[in-house]
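Subject: The structure for you to look through

Hello,

I am handing over the structure below, and I would ask you to keep it open while you read the notes that follow it. Please go through them slowly and compare each one with what you see on the screen.

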Amino acid sequence: MTVKDNFFKGFIKENPLLVSVLGLCPALAVTTKIENAIGMGFAVLFVLVLSNLLVSLVTFRPKLRELVMPVRIPVYIVLIASLVVIVEMLMKAFLPELFQSLGLFIPLIVVNCIIFGRAEAYAGDHKPGESVIDGAGMAIGFTLAIILISLIREVLGAGQITIWKSAVLDLSFLFDFLGIEPIAMFMKPEGAFITLGFILAAVAAIQNRVNAKKNAKKAEGGAK
Amino acid sequence: MSGQSLLVIAFTAFFIQNVLLTQFLGVCSFIGVGKKRSSSLGMGLAVLVVIVLASVVTFAIYNYVMYPLHLEFMRTIVFILVIASLVQMIETIIKKFSPALYKALGIYLPLITTNCAVLGVALTNINEGFTFGEMLVYSTATALGYLFVMYIYAIIRERVSLSPVPKAFRDIPIAMIIAAILAMIFSRFGGLI
């Protein structure tokens, strides 16, 4: 696998949220505003890149690997939790408003399955450089996916797009034009489940089509 | 939420602020395990025990060790370690005393460590500044709410798995839509208070 493939696989082909369906809790909870999704994405990017780096560093050398492997789960937990505490403190100090609105979900990055999953599935038996690229790609893929969810929810639910703090794009004219109110349901929990459900269905439909095409090609190739 | 009567705390945690449907804690296990009634019940009971025990232990550690020593910032690390070792301990105890139950719970026990609901409740207890009694009621009600919703959800999904669902919606997407409908129902309980 080339470096480019390794980086971009997390975007679409192995997207941690949309294809592997990991990390649902933050994807559902913080996606009421694009601003929140971006903040969450950066926090996950920071933690995932560094945790992949640290995990692959402690399992890279054979001698250290022998020592770490039997107790790897507690070791990974401590590494990830320390990184999350760093993010928590940095965010509290420099972005207090964002920290308030993300609330519980910053410390809960510790138990985000994506981070643990990448440590276990990838960083544990790859070189540090590769692991960092994998982590960055996966985190950006996750961020793009939660930005997509919050885009749908915020546009439909509040009629606006909050990119960062005061950079708000007002789309209420669209609703005025249609003569309806924004659909408040999309800002509520049920809206989160419905949005993610439809996005996952769309992904499944695309996957089905791609697979059907592949099979058709294979059948054609077989006939020739 | 602090300072309210225990009944209000229990009702809010069980219905209105349901841990799965409005706080989105533990949704991973919800979607993954809630396919069958038996497994959802096993997972729900195991989570109940772990949430209550973890809440009591983390509450004690925070208020009697970490707060006096000004180590509040370490709570995420300490809490996750407490939860992990607690889960390990419960696993060992169940394995020793009730092999049948151990077999029934199987893979769900170690999975509880990474269940957001456990860490989430432990952190909420601290953030809300609960007293010991409030903490106990809140964590028990939350865990019972988890068990209750998980079980209802598994019943619905068992039925849905037999019905003709559009191909793209099969499995997880339809599970999300079911969760959305359940969330709508549960959020309306707010009108009762």
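In this predicted model, the axes of helix 3 of chain B and helix 8 (residues 132-160) of chain B cross at roughly 165° and come within 9 Å. Angles over 145 degrees count as roughly antiparallel, and helix 3 of chain B and helix 8 of chain B are therefore roughly antiparallel to each other. The crossing of these two helices of chain B is right-handed, and the residues of their contact divide into 18 nonpolar, 6 polar and 2 charged.

Helix 3 (residues 37-66) of chain B also packs against helix 7 (residues 116-127) of chain B, at an angle of about 35° and with the axes 9 Å apart. Here, too, the crossing is right-handed. On the side of helix 3 of chain B, the contact is made by Val47(B), Val50(B), Ile51(B), Ala54(B), Ser55(B), Thr58(B), Phe59(B) and Tyr62(B), while helix 7 of chain B contributes Ala117(B), Val118(B), Val121(B), Ala122(B), Asn125(B) and Ile126(B). Sorted by class, the contact of helix 3 of chain B with helix 7 of chain B has 11 nonpolar and 3 polar residues, and no charged ones.

Now to chain A, which has 10 helices and 2 strands, arranged along the sequence in the pattern α-α-α-α-α-α-α-α-β-β-α-α. Its C-alpha trace spans about 70 × 65 × 25 Å along the principal axes, and of the 224 residues of chain A, 43% count as buried. Among the contacts in chain A with a separation of 6 or more, 76% are between residues 24 or more positions apart. As for confidence, the mean pLDDT of chain A is 87, and 99% of its residues reach 70 or more; confidence in chain A is lowest in strand 2 (residues 167-170), at a mean of 78, and highest in helix 3 (residues 34-60) of chain A, at 92.

Leaving aside neighbours within four places in sequence, Val87(A) is in contact with Ala43(A), Phe46(A), Val47(A) and Ile106(A).

Finally, where the two chains meet, 33 residues of chain A are in contact with 32 residues of chain B. The elements that give two or more residues to the chain A side are helix 2 (24-29), helix 5 (72-94), helix 7 (113-121) and helix 10 (189-223) of chain A, and the largest share, 11 residues, comes from helix 10 of chain A. The residues on this side of chain A divide into 27 nonpolar, 3 polar and 3 charged.

With best wishes

How values were computed
Residues numbered from 1 in each chain as written. Chains lettered and ligands numbered in written order. Predicted model: local features only at pLDDT ≥ 70, side-chain atom pairs only at ≥ 80, totals over all residues. Axes fitted to C-alpha atoms, helices over the stretch in contact; angles between N-to-C directions. Helix = DSSP H or I, 4+ residues; strand = E, 2+ residues; numbered from the N terminus. Left-handed = near helix turned anticlockwise from the far one by under 90°. Contact = placed C-beta atoms within 7 Å. Nonpolar A, V, L, I, M, F, W, Y, C, P; charged D, E, K, R; others polar. pLDDT = per-residue confidence, 0-100. Buried ≥ 20, exposed ≤ 12 C-beta atoms within 10 Å, placed from the backbone. Parallel < 35°, antiparallel > 145°, perpendicular 65-115°, else oblique.
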